[in-house]
Protein chains: 2
Amino acid sequence: MARPTPLSGFPEWLPDGRVVEQHVLEALRRTFELHGFAGIETRAVEPLDQLLRKGETSKEVYVLRRLQADEGDATPDDRGEKQLGLHFDLTVPFARYVLENAGRLAFPFKRYQIQKVWRGERPQEGRFREFVQADIDVVGAGELPYHYEVELPLVMAEALGSLRAIGVPEVRILVNNRKVAEGFYRGLGLGDVEGVLRQVDKLDKIGPEAVAELLVAEQGATPEQAKACLELAAISGSDASVVEQVRALAASYDAVTDLLETGLAELRALVEAAARRAPGVVVADLKIARGLDYYTGSVYETVLVGHEQLGSICSGGRYDTLASDGKNTYPGVGLSIGVSRLVSRLLSAGLVTATRGVPTAVLVAVTDEETREASDAVAAALRARGVPADVAPTAAKFGKQIKYADRRGIPFVWFPGEPDQVKDIRSGDQVDADAATWAPPADDLWPRVVPAGE
Amino acid sequence: MARPTPLSGFPEWLPDGRVVEQHVLEALRRTFELHGFAGIETRAVEPLDQLLRKGETSKEVYVLRRLQADEGDATPDDRGEKQLGLHFDLTVPFARYVLENAGRLAFPFKRYQIQKVWRGERPQEGRFREFVQADIDVVGAGELPYHYEVELPLVMAEALGSLRAIGVPEVRILVNNRKVAEGFYRGLGLGDVEGVLRQVDKLDKIGPEAVAELLVAEQGATPEQAKACLELAAISGSDASVVEQVRALAASYDAVTDLLETGLAELRALVEAAARRAPGVVVADLKIARGLDYYTGSVYETVLVGHEQLGSICSGGRYDTLASDGKNTYPGVGLSIGVSRLVSRLLSAGLVTATRGVPTAVLVAVTDEETREASDAVAAALRARGVPADVAPTAAKFGKQIKYADRRGIPFVWFPGEPDQVKDIRSGDQVDADAATWAPPADDLWPRVVPAGE
């Protein structure tokens, strides 16, 4: 087998990169659990017809086929099987899980879900074909109070904020409300709200003039209507004054509607609560459209300050119908962090680093193979007290055993003897030690993730 | 969307089942890390030609195809892409990872890997199409000392033993050595060692007489040779006396070989060390064959005592060539736990239970919607001190809010007031409390996993 090369779009980390990823996942999970979200995992596959319910994602799906089915010996149960694909997000599987288990779940149901997803897109910078998402959603049976639209982005702000300590840049959550956009467009007399949103969503890519042209050419807007849409999209701010700006703009076009007022009241509540609870994090940005057509209220995008060109690393919104089984509908609100994109940037930009790539805090040296069991016993005593320990692979010269530790970033080497001694190989300090009582400094016990340069 | 039904072979757990699975995974991971294994994850896909290098697994592979490729608009880079399949174990991907990153890893390289794998097999009791494996391996560059063959099953015994506290039955690790079998068969004059092993591997399924017939019919053994093979397979024991039994048997057939002696010395070292370090856990069982042809030394299978019909939940062995890039070979030894099979049995047999399915220890009641922020502030104060807290979804009557907690197993409900009060809804005890200082008993802080019936 020749040396294999990486598959484009399928990121993998070396052990020290994985330490960083694990740290990120655990920090997120801890915040989610402190807020009462239950963890679930869903299978990686869904029936293809469910994955394709939204046409726009159809090109991204990886379809599965059993190799056996190729060989002409399919059994009847093969032929009766549904065609399966890998999930491309965690929302479609969650919706299915809620319906499937509705009778056994308590609503409102708050869940987090941290799993890989797959998209057959052409790989490019920051876009992967396999990546980890970390989602939180709360879903109600029949109804879901508005206050969750305020709380969920703040949970994400707290989760991402818990990563500041390791060098993750500040985040900014950009919020909008679908009712504001829809109410405004309808007030202007534009009926195809989806179409207008789709064009406005292109603002960052093609600029306002091109969007205005598209609004006229594709959505049948008058130049004045197009201008109004762009004026709305230009409004942003981190306090309730944005609400006044939108209302004034709408009034100037005689476009104030009940739906707009409802949306503005919700947007105001979100911005005001966020300003109190996480000052500076949430910014109302009226150009945030979110392409997906199932959002019905608040929508969210999140950028890393100073890394805006990376795009949104955490997005989501409110949907009135996550799922429906004919009898009940399940409205919800949720956000999803693109963990792989975040970790990839942290590693490639050298923002964070792991203090070592192995868990081991102590390497126990082996004097000769006949006394390996004495070294094993030292390691066992250390582990029994929660100190990760490894034993040297061979009874090589001590210099070589120290090098084994050094190459892996293991800070301490233990020499069995009478008495035992332990050496901090960074400082060279060597002291008598007893495996029943000695412990490394807390900072050395487990690998830590720290801002690069520390 | 009608209520969906589960997909056979793709297990999913309700939140309280997931608490159990998470606990198992964390306990395993902690043991692995205490022993110095670094965690890695590999992508879910491998090139199909790599997955099919071993013909016997070809029927199990799920092949991927981008839906787009079906639609006739494949781009040149699509056409140039390798055909991909989902990995069916963690050994093939690990071998590829080692080759791909050999220059950036330090050998011997100890890694654990906990991920889902997929096999397109017909689902049946205890056999899944998607399941979680937890693997440990140590791999050397060019060489790997024998002592790792003793250590790795003991790490697994410790990992599985750490689950005794939650009600997991005792485990028994059955060990054999491929060199013993091969040396014995060759000493008998049987040249097709793989073939003989394949027949002996069927002992539990079809019994000794049928195996003897197959050895004669398929492997060209004489009845006496077949009898000798079955006599070898019948030997088992937990101390070094098994070694003497095998040697005596081999001598009686004049079948003692150097390879047999090497294997017996290794088997003796393993059994003796295990008897000292984990008494009663490891049993030499000469019928353990392990179908896979890459094992070259020790082989392992693990059963849950009292649940032997579940089959092996943790298997592995020593391989001299995990991978080779032409220049170097990478020998290794490893074991793999079938976590889903284990968790599925724990849940279906009612052996373990989670104290609750949500992380929440405290539900903060809401007196009316106008004072929701006061309840939010209580929850924030509790979370800041590491107490998982949720806030009631609506300002319903307190009885309904208590029911919300009760349905989820949340032990405490907090009533903001002057002063605040907290109620243990199991005992009904209600006391004054301050969110800046109050904490639940340690046993109530997070969900715990306990033996069922406790």
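1. Two strands are taken as paired if DSSP finds at least two bridges between them. Helices (H or I, at least four residues) and strands (E, at least two) are DSSP runs, numbered from the N terminus. In those terms, Val364(B) stands opposite Trp414(B) in β16(B). The strands concerned, β14 (residues 362–364) and β16 (residues 412–415) of chain B, run parallel and are joined by three bridges.

2. The model is predicted: local features need pLDDT of at least 70 and side-chain atom pairs count only at pLDDT 80 or more, while totals for chains, interfaces and linings use all residues. Residues are numbered from 1 along each chain as its sequence is written, and chains are lettered from A and ligands numbered from 1 in the order in which they are written.

3. The sheet in chain B is open, with five strands in the order β15-β14-β16-β17-β18 and mixed pairing. Its edges are β15 (389–391) and β18 (430–432) of chain B, each of which pairs on one side only. Ignoring direction, neighbouring strands of this sheet are turned by 25° against each other on average. Axes here are lines fitted to C-alpha atoms, for helices over the stretch in contact, and angles run from 0 to 180 degrees between N-to-C directions.

4. Helix α14 (residues 372–384) of chain B lies across β14, β15 and β16 of chain B, and runs at about 170° to β15(B). Contact means that the C-beta atoms of two residues, placed from the backbone, lie within 7 Å.

5. How are the two chains related? Chain A superposes on chain B by a rotation of 180° with 0.0 Å of shift along its axis, at RMSD 0.1 Å; the two copies are thus related as by a two-fold rotation axis. The superposition is by least squares on the C-alpha atoms of residues with pLDDT of at least 70 in both. Among the residues of chain A, Leu64(A) comes closest to the rotation axis, its C-alpha being at 2.5 Å.

6. Leu64(A) also stands opposite Leu64(B) in β3(B). Strand β3 (residues 62–66) of chain A and strand β3 (residues 62–66) of chain B run antiparallel, joined by five bridges.

7. Chain A and chain B each give 64 residues to the contact. On the side of chain A that touches chain B, 29 are nonpolar, 15 polar and 20 charged. Here Ala, Val, Leu, Ile, Met, Phe, Trp, Tyr, Cys and Pro count as nonpolar, Asp, Glu, Lys and Arg as charged, and the others, Gly among them, as polar. Since 100% of the interface residues of chain A are also interface residues in chain B, the copies meet through the same surface.

8. Helices α1 (residues 15–34) and α13 (residues 339–348) of chain A pack at about 130°, with axes 10 Å apart. They are therefore oblique to each other; angles under 35 degrees count as roughly parallel, over 145 as roughly antiparallel, 65 to 115 as roughly perpendicular and the rest as oblique. The contact involves residues including Val20(A) and Val24(A) of α1(A) and Leu342(A) and Leu346(A) of α13(A). Its residues divide into eight nonpolar, one polar and one charged.

9. Helices α7 (residues 178–188) and α8 (residues 193–200) of chain A have axes that come within 10 Å and cross at roughly 115°, and are therefore roughly perpendicular to each other. Ala181(A), Glu182(A), Tyr185(A) and Arg186(A) in α7(A) meet Val193(A), Val196(A) and Leu197(A) in α8(A). This contact divides into five nonpolar, no polar and two charged residues.
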